Amino acid sequence: MSLSLYDASIAVYLQMLKNLSHFLDKAQTYAAEQHVELSTFTEASLGHGMANFARQIQLASDGAKSGAARLAGVEAPSMPDTETTFPELKERIAKTIAFVESVERKQVDGQEARAIVLTFPGRTMEFTGQTFLLTFSMPNFIFHVTTAYAILRSQGVPLGKMDFLAGGQMPQTA
């Protein structure tokens, strides 16, 4: 059995974005039960110099949509990073999921050798589609999802390993 580029990218982006949305659901439930303002979570970070929770969601969204777009050879939708509330963050995740779902298998599979060039101030990085996914895009995306998870955990939200791995597949509980 071979693993396609689509299966290793689009499927993972989608599952983890759904898990990220699940984290927000659990945080909202916890905040209501514990009488905690949701802004406590959106503004929280893991330490000096680290982006806050809201920014981690934006960065995870950017990672998924730009990763999918680059692999498919299409333009990623612009999202201005203005979200500060849970409803806005949930909407951002939903828009990202909708875009990633719009990427078709035929656009990604077979693009392992596609040249992908990223230009940063003072640096250019060159990849093939496969090395871009495996050494840059997916690690960056997972970093921001993990950091969002860790921020909520540090604030007392009762997230566990299965929330991280399969939260988007778990039934909602009241």
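Visitor: How many salt bridges does a search of the whole structure find?
Guide: This is a predicted model, where local features need pLDDT of at least 70, side-chain atom pairs count only at pLDDT 80 or more, and totals for chains, interfaces and linings use all residues. Side-chain values use heavy atoms, with hydrogens and water left out, and residues are numbered from 1 along each chain as its sequence is written. A salt bridge here is a side-chain nitrogen of Lys or Arg within 4 Å of a carboxyl oxygen of Asp or Glu. Searching the whole structure that way, the count is eleven.

Visitor: Which residue meets Asp-62 in a salt bridge at 2.6 Å, N to O?
Guide: Side chains of opposite charge can pair when their charged atoms come close. Asp-62 sits in helix α3 and its partner in helix α4, so the pair ties together parts 30 residues apart in sequence; helices are DSSP runs of H or I with at least four residues, strands are runs of E with at least two, and both are numbered from the N terminus. The partner of Asp-62 is Arg-92.

Visitor: Is Arg-92 buried or exposed?
Guide: Buried means under 20% relative accessible area, exposed means over 50%, and partly exposed is in between (1.4 Å probe, protein chains only). Arg-92 has 2% relative accessibility, so Arg-92 counts as buried.

Visitor: Which residue, with its closest N and O atoms 3.1 Å from those of Arg-92, forms a salt bridge with it?
Guide: Arg-92 also has a salt bridge with Asp-81, at 2.9 Å between the closest N and O atoms, and Asp-81 is partly exposed because its relative accessibility is 30%. At 3.1 Å, the partner is Glu-83.

Visitor: What is the radius of gyration of the protein?
Guide: The radius is taken over C-alpha atoms, and the globule rule is 2.2 Å times the number of residues to the power 0.38. For 174 residues, a compact globule would come out near 16 Å, and the protein agrees with that at 17 Å.
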